[in-house]
Amino acid sequence: MKRQLILEDGTVFIGEAIGSEKETTGEIIFNTSMTGYQEIISDPSNYGQIIVFGFPQIGNYGINRDDFESIQPVIKGVVVKEAADYPSNWRSNISFGEFLQAKDIPGITGIDTRKLIRIIRSKGTMKGVICGFGESIETHLSRLHAVESLPDQVKQVSTVKPFPAPGRGNSVIVIDLGLKHGLLRELTKRGCDVTVVPYQTSAEEILSLQPDGVILSNGPGSPENVPEAIETIREIQGKVPLFGIGLGHQLFALANGCKTKKMFVGHRGGSYPVKDLETGKVVFTSQNHGYEVDKQSVDGNNLTITHMELNEGSIEGLSHQNHLAFSVQFEPEGASGSEDAKYLFDQFLRLMDENKRKADDHAEKN
């Protein structure tokens, strides 16, 4: 069945339907990863978005039970050059198209994704609609122009109630801003006793659980739409070690007086080169964000830039000059993409151990 993709600038692409047949509207973004489509479509940071895959064939190794980053995908749709009908992988349970159908996710295939991505690169991220072939373009354009950005994206993906991922090591609170399962996997792999709490949980509630450290997870949307978390960060930092990731990195910056801004097209892919300014080491990173910390706003805010993206020079990491607190814009767990930056979880564990030793020494002296 034929479908069409209409961009808010009036560009129209005609292709074939895949997945659900319902109409869908969302922000059109593109991801350059060559693998990891299952992790990408299940990443809560993609809430409300229509994902264009830059790699020409998607679905060639199917969908399996192990590689999800959330239980229920929250994307609005997918755009691919070619969707593999017959996946070949021993872990595959169902095909890409069957998964989209089961999860009621609409898509379009058979269009020139290279041309589409070039349009986005030149004009910036824009809204779009996947709809039936032959439907009025003018009607859909008027609707697209009336669609406003969603202000409560984090609320839609955060857990409603706290839940545990038990372990016998350091006690870690994860503030769920759009948590990926990969983050929990890395913490539990290191023996951490994890408790995940909703995004609006107060600092008082978090500190009452006596954590050894707190992590601010990745998530969707503008950081300025999550004022509750900003206030919580201000009250927590300096009391326990803090580690921000993705959206958590941006909120950490805002809590310390910096500014953030929307990017022209964003960073979404699995091999962005990032330099650790403290060691000089360059790592390839997995990224998925449309906002960034304004470099000009960092000076004078007790923060030090620790990581830099080498393609555009954007800020990829910050540390606090007076507290045991740091953050990174990329996704250190690596799903989906390079796993070069997993050492940051070990760095966080060392900070927690250091803080506990200082507390024990202080208690002995008194």
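Which residue forms a salt bridge with Asp 104? Select Lys 22: its closest N and O atoms to Asp 104 are 3.3 Å apart. The model is predicted, so treat each stop as a computed picture.

**Stop 1: Lys 22 and Asp 104**

Stay on this pair. It links distant parts of the chain, 82 residues apart. Lys 22 sits in the loop between strand S2 (12-19) and S3. Asp 104 sits in the loop between helix H2 (96-102) and strand S8 (106-109). Lys 22 counts as partly exposed, at 39% relative accessibility. Asp 104 is partly exposed too, with a relative accessible area of 40%.

**Stop 2: the two domains**

Now look at where they touch. On the domain 1 side, 28 residues are in contact with 22 residues of domain 2. Together the domains bury about 1900 Å² between them. Carbon and sulfur atoms carry 47% of that area. Select Ser 45, Tyr 47 and Glu 69. These residues supply 32% of the area that domain 1 buries against domain 2, more than any other three residues.

**Stop 3: bridges across the domains**

Two salt bridges run between domain 1 and domain 2. Then select Lys 262 and Glu 27. Their side chains meet in a salt bridge, with 3.1 Å from N to O. Between the domains, 12 residue pairs are in polar contact.

Next, show strand S3 (24-31), helix H1 (37-41) and helix H3 (113-123). Each supplies at least two residues of the side of domain 1 that touches domain 2. The residues of that side divide into nine nonpolar, 12 polar and seven charged.

**Stop 4: Lys 295**

Where does Lys 295 lie? Look in the loop between strand S16 (282-293) and strand S17 (303-309). Lys 295 counts as partly exposed, at 35% relative accessibility.

Show what surrounds this residue. Beyond its neighbours within four places in sequence, Lys 295 is in contact with Ile 305, Met 308, Gly 313 and Ile 315. Draw a distance to Ile 305: the two C-alpha atoms are separated by 8.9 Å, and the residues are 10 apart along the chain. Then pick Gly 313. Its backbone oxygen lies 2.6 Å from a polar atom of the Lys 295 side chain.

**Stop 5: Glu 333 and Lys 180**

The structure holds 19 salt bridges. Select Glu 333 and Lys 180 for one of them; N and O are 2.8 Å apart. This pair also links distant parts of the chain, 153 residues apart. Glu 333 is in the loop between strand S19 (325-328) and helix H10 (343-365). Lys 180 is in the loop between strand S11 (171-176) and helix H6 (181-189). Are these two residues buried or exposed? Both Glu 333 and Lys 180 are buried.

**Stop 6: helix H8**

Move to helix H8 (residues 227-236). Glu 231 and Arg 234 are three residues apart in this helix, so about one helical turn separates them. Their side chains meet in a salt bridge, 3.7 Å from N to O. Glu 231 counts as partly exposed, at 38% relative accessibility. Arg 234 counts as partly exposed at 43%.

**Last stop: a network**

Finish by selecting Glu 186, Lys 189, Arg 190, Glu 339, Lys 342 and Asp 346. Salt bridges that share partners join these residues into one network.

Methods. Residues are numbered from 1 along each chain as its sequence is written. This is a predicted model: local features need pLDDT of at least 70, side-chain atom pairs count only at pLDDT 80 or more; totals for chains, interfaces and linings use all residues. Side-chain values use heavy atoms; hydrogens and water are left out. Contact means heavy atoms within 4.5 Å. Buried area is the accessible area (1.4 Å probe) that two parts lose on being put together, summed over both. A salt bridge is a side-chain nitrogen of Lys or Arg within 4 Å of a carboxyl oxygen of Asp or Glu. A polar contact is a pair of N or O atoms within 3.5 Å; within protein, one must be able to donate a hydrogen and the other to accept it, and residues adjacent in sequence count only if both atoms are side-chain atoms. Helices (H or I, at least four residues) and strands (E, at least two) are DSSP runs, numbered from the N terminus. Ala, Val, Leu, Ile, Met, Phe, Trp, Tyr, Cys and Pro count as nonpolar, Asp, Glu, Lys and Arg as charged, and the others, Gly among them, as polar. Buried means under 20% relative accessible area, exposed over 50%, partly exposed in between (1.4 Å probe, protein chains only).
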